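Open the model in your viewer and keep the selection panel at hand. We will go stop by stop.

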Amino acid sequence: MTAATATAKYDGTGAFPEAEPAARAPRQRGMQVAVTMILVAGPFVGLVIALWMLWGRGVGLADIGLAVFFYLLTGFGVTVGFHRCLTHRSFTARPALRVALAIAGSMSFEGDVITWTATHRRHHAFTDRPGDPHSPYRFGTGPVGQLRGLAHAHVGWLFGSDPIPTSPQRYAPDLLADRSMQRVSSAFPALCVASLALPAAIGWALGAGSARAALLALLWAGLVRIFLLQHVTWSVNSLCHLLGNRPFTTRRHDRATNLWPLAVLSLGESWHNTHHSDPACARHGVDRGQIDLSAGLIRMFERAGWVSGVRWPSAARLERRRRLPVDVAAQVPGRSPVLTPAPDGAARATST
Ligand SMILES: [Zn+2]
Ligand SMILES: [Zn+2]
């Protein structure tokens with residue numbers, strides 16, 4: 001069964017009809033599980049050790065400062081670089097900045113730049129229907145299916161349970177044809193090492209050559225920072241398709257939501273309903289008070305002349321996509337009412 005056939009059979013509430021699994025050697029699958037375990041469990045082990053070392057002693061300002069610095073560096077690498085620049089082409093960056101952003105994003109332990117881009121483009125092509133690599137609706141909209149789906153969308157999908165692996169040839173041919181992106185992609189293992197070694201080296205230098213200072217910086221600005229950023233990014237895949245509101249229209253079955261509590265930590269990515277409604281738009285937090293730090297950074301790059309052709313939101317385009325209160329929508333032909341997620345995962349019209 002192809003993804004298209006599976007979609008035709010999908011009713012919007014049941015589990016996804018399974019597409020036929022691709023033939024994958026058990027050794028290849030085992031390798032993927034092992035590598036993913038290191039990338040996912042490693043930062044968690046770091047968190048446990050860091051908390052144990054912190055117990056009763058406090059944590060140094062230098063460690064917190066370094067952790068915030070590396071969080072922003074690698075976080076913007078993912079949101080501004082991987083996501084808005086490379087996946088959705090919301091703006092054109094100068095070649096050096098494009099490479100720098102791809103390097104920064106690769107240091108987030110979220111996979112190499114080409115695989116990340118291909119997977120995310122596939123997520124937009126099949127959002128919340130068969131073919132989506134990480135939809136929380138994969139196992140249906142009942143309470144058990146929803147819990148399983150949440151675990152799958154958050155982290156389970158990384159372990160290769162997808163019946164059809166994402167093809168970079170199909171979803172990211174532009175990056176495959178770009179030699180600089182190919183180089184950054186093959187440097188992924190080295191960039192993971194650098195993501196840990198750099199904070200440790202800076203901590204060592206700031207601590208006048210103390211091994212303990214290097215270790216604390218490695219834990220807080222390395223492993224704990226990676227752990228937090230990974231789970232914030234994955235929460236956009238899981239929570240931002242389940243909780244929150246949906247002020248803008250999206251494609252059929254697409255249940256992406258705006259979830260304000262994650263706005264700052266996700267650097268603006270949790271305005272996810274707005275993003276799914278207009279994926280190429282460079283700003284995701286478009287309404288008053290919606291903090292979008294990534295859009296702020298793109299604006300700074302634009303002022304500095306480092307990026308061009310930024311696709312900023314247009315008021316007319318936004319208004320065409322905005323859902324109206326249910327009583328108003330009834331009066332306007334072709335306009336959709338506001339939707340909020342119901343406990344069973346189905347979106348319902350509300351008058352709020
Ligand atoms: Zn999404
Ligand atoms: Zn996207």
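This is a predicted model: local features need pLDDT of at least 70, side-chain atom pairs count only at pLDDT 80 or more; totals for chains, interfaces and linings use all residues.

## Stop 1: α4 and α9

The crossing of the pair is right-handed. On the α4 side, show P95, V99, A102, I103 and S106; on the α9 side, show S180, M181 and V184. Colour this contact by class: 6 residues are nonpolar, 2 are polar and none is charged.

Which residues of α4 are buried? Select R98, L101, A102, I103, A104, G105 and S106. Now bring in what these buried residues pack against: α3, β1 (92-93), α5 (113-125), α9 (179-186) and α10.

## Stop 2: α10

Next, select residues 188-206, which form helix α10. Run the length check again. The 19 residues should span 27 Å at 1.5 Å a residue, and the end C-alpha atoms of α10 are 27 Å apart, in agreement.

Show the buried residues of α10: L191, S195, L196, P199, A200 and G203. What covers them? The cover includes α3 (61-87), α4 (95-106) and α11 (211-238).

Step just past the end of α10 to A208, where phi is positive, about 55°. Most residues other than glycine have a negative phi. A208 sits in the loop between α10 and α11.

## Stop 3: α3 and α11

Select α3 and α11 together. Their axes come within 9 Å and cross at roughly 40°. That angle makes α3 oblique to α11. The crossing is right-handed.

From α3, take D63, L66, A67, F70, Y71, T74, G75 and V78. From α11, take L216, A217, W220, A221, V224, R225, L228, L229 and T233. By class, the contact of α3 with α11 has 12 nonpolar, 3 polar and 2 charged residues.

Phi of R89 is near 50°, a positive value in a residue other than glycine. R89 is partly exposed, because 14 other C-beta atoms lie within 10 Å. That count falls between the two cut-offs, 12 or fewer for exposed and 20 or more for buried.

## Stop 4: L242

Now go to the loop between α11 and α12, and pick L242. How many other C-beta atoms lie within 10 Å of L242? There are 21, so L242 is buried.

L242 and Y137 are 105 residues apart in sequence. Draw a C-alpha to C-alpha distance between L242 and Y137: 8.8 Å.

## Stop 5: H284

Move on to H284, in the loop between α12 (272-277) and α13 (293-304). H284 is buried, because 30 other C-beta atoms lie within 10 Å.

What does H284 touch, leaving out residues up to four places away in sequence? Select G268, E269, W271, T274, H275, D292 and A295. Then draw the C-alpha to C-alpha distance from H284 to T274: 5.9 Å. In sequence, H284 and T274 are 10 residues apart.

## Stop 6: the whole chain

Zoom out and colour by secondary structure. The chain has 15 helices and 4 strands. Switch to colouring by burial: 44% of the 352 residues count as buried. Of the contacts with a separation of 6 or more, 64% join residues 24 or more positions apart.

Methods:
Residues are numbered from 1 along each chain as its sequence is written. Chains are lettered from A and ligands numbered from 1 in the order in which they are written. Helices (H or I, at least four residues) and strands (E, at least two) are DSSP runs, numbered from the N terminus. Two residues are in contact if their C-beta atoms, placed from the backbone, lie within 7 Å. The expected span of a helix is 1.5 Å times one less than its number of residues. Axes are lines fitted to C-alpha atoms, for helices over the stretch in contact, and angles run from 0 to 180 degrees between N-to-C directions. Angles under 35 degrees count as roughly parallel, over 145 as roughly antiparallel, 65 to 115 as roughly perpendicular and the rest as oblique. A crossing is left-handed if the near helix is turned anticlockwise from the far one by less than a right angle, and right-handed if clockwise. Ala, Val, Leu, Ile, Met, Phe, Trp, Tyr, Cys and Pro count as nonpolar, Asp, Glu, Lys and Arg as charged, and the others, Gly among them, as polar.
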